[in-house]
Amino acid sequence: MTGDRVHLERFPDGRRAVSVEPGGEGAGGSYEQVEIDGDLYVLPGEALPYLATGALDRQLFNITGLVEQGYDDARTKSIRTPER
C-alpha cells in the first residue's frame, strides 16, 4: 500500500525482527511493530487512523500471515494488484 518493503528475519531461537525499506520517493514514514496472538504486524503510521475506524483491515499488515500465505520474495514477485 505504501510501496515500502518489509524485511523479516527469523532467528534460530524463534525471535523475529523486521526492517522497513522505503519505496518510491521520500524517506518513508513511521511504523509500529506489534505482536498480536503470536503474529507480527508492521503498521504504517499513515494507516493508523484508517485501521482505528475499520476502513482498513489490520490483516493487510500481518507479516506472519502474509508469509504463511506465500506472499514473500521466495514465492511471489509482488503483492500489488494490477494498475488500473
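**Asparagine 62 and its surroundings**

The side chain of asparagine 62 comes within 2.8 Å of the backbone nitrogen of glycine 65. The model is predicted.

Reader: Which other backbone nitrogen lies 3.2 Å from a polar atom of the asparagine 62 side chain?
Author: Asparagine 62 is in the loop between helix 1 (48–53) and helix 2 (63–68). Its side chain reaches the backbone nitrogen of glycine 65. At 3.2 Å, the other backbone nitrogen is that of threonine 64.

Reader: Does asparagine 62 count as buried or exposed?
Author: Leave aside neighbours within four places in sequence. Asparagine 62 is then in contact with Asp39, Leu40 and Tyr41. Buried means under 20% relative accessible area. Asparagine 62 has 2% relative accessibility, so it counts as buried.

Reader: How many residues make up the largest nonpolar core?
Author: Tyr41, Leu43, Ala47, Leu51, Leu56 and Phe61 form this core. Leaving aside neighbours within four places in sequence, alanine 47 is in contact with Leu56 and Phe61. A second, separate core has five residues, including Val18, Leu40, Val42 and Ile63. The count for the largest core is six.

Reader: Which charged end sits over the ring of tyrosine 41?
Author: Arginine 15 has its charged end over the ring of phenylalanine 11, 4.5 Å from the centre. For tyrosine 41, the distance to the ring centre is 5.3 Å. The charged end there belongs to arginine 58.

Reader: What is the bridge partner of glutamate 9 in strand 2?
Author: Strand 1 (residues 5–10) and strand 2 (residues 16–21) run antiparallel, joined by six bridges. In their hairpin, glycine 14 takes a positive phi near 95°. The partner of glutamate 9 is alanine 17.

How values were computed:
Residues numbered from 1 in each chain as written. Predicted model: local features only at pLDDT ≥ 70, side-chain atom pairs only at ≥ 80, totals over all residues. Heavy atoms only, no water. Lys NZ or Arg CZ within 6 Å of the ring centre and 35° of its normal. Core = buried A, V, L, I, M, F, W, Y, C linked by side-chain atoms within 4.5 Å. Buried < 20%, exposed > 50% of the residue type's maximum accessible area, 1.4 Å probe, protein only. Contact = heavy atoms within 4.5 Å. Pairing = 2+ DSSP bridges. Helix = DSSP H or I, 4+ residues; strand = E, 2+ residues; numbered from the N terminus. Polar contact = N/O pair within 3.5 Å; in protein donor to acceptor, adjacent residues only side chain to side chain.
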